[in-house]
Amino acid sequence: MTVLSFAALPVLTYSNPNPTRIRIRSYVSNHHQPPDLSIRIAAVPNNNSCSPAGDFLRRLCVSSVAIIGLGVSSLWAFPPPSSACISPASPPSSVHPQETLDIDNNVGESEEVENIEDEDSKSEFERWKTKSYALTVPLKIVALEGSLPTVWVREFLKSQGKRVQFRPAFRRSLRDIFNELSNPIKNGKINPKSAVAADLVTLGDSWLNFAIDKGLIEPIEGAEDQDWFRDLSHKWKVYLRRSTEGNLDSQGIIWAVPYRWGSMVIAYNKKEFQKHNLAPIEDWSDLWHPKLAGKISMVDSPREIVGAVLKYMGASYNTTNIDAQVVGGKNAVLQQLELLVQQVRLFDTQHYLKAFRAGDVWVAVGWSSDVLPVAKTMSNVSVIVPKSGASLWADFWVVPAASRLVTDQIGGRIRGPSPLVQQWVDFCLQPERASPFKEETISGASPISLETPLEEEHKEHKKKGRPNLDTNLVCNVPPSEILSKCELLEPLSEDAFSDYQWLISSLQKKPSHNIMNRLSFPMHSLFTTFWSKMQFKAE
């Protein structure tokens, strides 16, 4: 076997008998410049001859050294990591190691990227706010038809945003709302759409003490700490404090929030009065004029009928003991009550204005919320508040006592009213909410105007050139000198309750003048109210 050796390799000849030696030199600058990695080749004379095989080996060695040199130089070009251990996780705002490269040269570009990201985040957040999620807050109210300005609903939704489910519903009468509150207590059946399932409902002043006494409504939690309560006049605060029986109590709690009020008024046909040489009506005493016999229609409320007699006799609507507080006592009041009944052709809350519009009667006595809208559609009509004062009516927001019910038919309402209740109440009592009343687009007045004169504002409204109703009301409010003589109706005391019973039963015994035919409906209304009160107390 032939052994191949370097000596056996063919001899290669070169034109340059002196090969070069390659020296690798690296120059590292003293300044902050990248190291010089160039390979410098220096020719060194060599007199020693070399065979081709040896020369091949030298070239191979030189190549290996060059490769190793490049590897070492690369370590100089790139700085080593500061630590070989794994560092703790950086906070979200810190910069990752790979982001530190060329940071000094790219600061402006990074800030621009961050600004773009901030703008994108803000834009995304605004889009999120406009979306509706399951976390929307509901607010359900049941109001008396015609008592709630529609502009309030729009403005409240606008102030709260789209994450509020505001669902107002309406009932035709205060009696309907009261019945819906009391029915679940009586029969245990609950309709999810009933007023008892609402967060707030309208309740009239005459129903308030019964609702409290029966436990149909709950106190307004934290009312005295709210701005709306502190801003109410002293008269309202006294009227709102009630005991658990519904009577006025200086140490009582707050059960209701007023949102509009008005007064009893007298409307009369000026054309008929002029035709029959009758002087304009100014006070209650004018209703006893002989020429008006059978020409008057009136609401069928016993409190208003007897109250008109008491005011005529110089007494208060809220007289607690007639014998002690009225000249002549119950007998004198009965005599005047009999005379008034002879004057009135119709006692009927539903139809007394129809008779007035049709011309069957010349005078209508009723609540301003009923009379003013009808009077504005008629000509030759005047509406006045009697100068000796009148009764004041009020509509309140109250919280149904749904939390006392054991049921699964009204959802989470049994755990308490909506957290938006206080916001809605505060919204209704803001001065800006008085505009619909001042502009007379809706009947009534804001609670803040109960003791605030509005004569100057009335002059401004007259300048707008609207057709004005002949009335002494100023933006639905009695003049200040008359308002001071008006009264909110307080719950009847036990003595007053007995006096009313005696007056009605005495009228029943009168055989002449066909009195009971005209008082049949108010008698029923009176005893229904009284029996309801007695049943509430018995239970």
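Phe156, Phe166, Tyr259, Trp397, Trp424 and Phe427 come together as one aromatic cluster. Rings of Phe, Tyr and Trp (its six-membered ring) pair here if their centres lie within 6.5 Å, with planes under 30 degrees apart called stacked, over 60 edge-to-face and the rest tilted. Bear in mind that this is a predicted model: local features need pLDDT of at least 70, side-chain atom pairs count only at pLDDT 80 or more, and totals for chains, interfaces and linings use all residues. Residues are numbered from 1 along each chain as its sequence is written, and side-chain values use heavy atoms, with hydrogens and water left out.

**Aromatic pairs**
- Searching the whole structure turns up 14 aromatic pairs.
- One of them joins phenylalanine 156 and tryptophan 424 edge-to-face, at 5.0 Å centre to centre and 85° between the planes.
- That pair ties together distant parts of the chain, 268 residues apart: phenylalanine 156 belongs to helix 3 (residues 150-160) and tryptophan 424 to helix 14 (residues 421-428). Helices (H or I, at least four residues) and strands (E, at least two) are DSSP runs, numbered from the N terminus.
- Phenylalanine 156 counts as buried because its relative accessibility is 1%, and tryptophan 424 is buried at 0%. Buried means under 20% relative accessible area, exposed over 50% and partly exposed in between (1.4 Å probe, protein chains only).
- Tryptophan 424 also pairs with phenylalanine 427: the ring centres are 5.8 Å apart and the planes at 20°, so this pair is stacked.
- These two sit about one helical turn apart, because 3 residues separate them in helix 14. An α-helix has 3.6 residues a turn, so residues three or four places apart point the same way.

**Charges over rings**
- Arginine 242 puts its charged end over the ring of tyrosine 239, 4.7 Å from the ring centre. The test is NZ of Lys or CZ of Arg within 6 Å of the ring centre and within 35 degrees of the ring normal.
- Lysine 330 does likewise with tryptophan 502, its charged end 5.6 Å from the centre of the ring.

**Helix 13**
- Buried residues in helix 13 (residues 368-375) are Ser368, Val371, Leu372, Val374 and Ala375.
- They pack against strand 7 (257-269), helix 12 (352-358), strand 10 (363-367), strand 11 (381-384) and strand 12 (391-400).

**Serine 233**
- Look for serine 233 in the loop between helix 6 (227-230) and helix 7 (234-240).
- Serine 233 counts as buried because its relative accessibility is 17%.
- Beyond neighbours within four places in sequence, serine 233 is in contact (heavy atoms within 4.5 Å) with Leu450 and Glu451.
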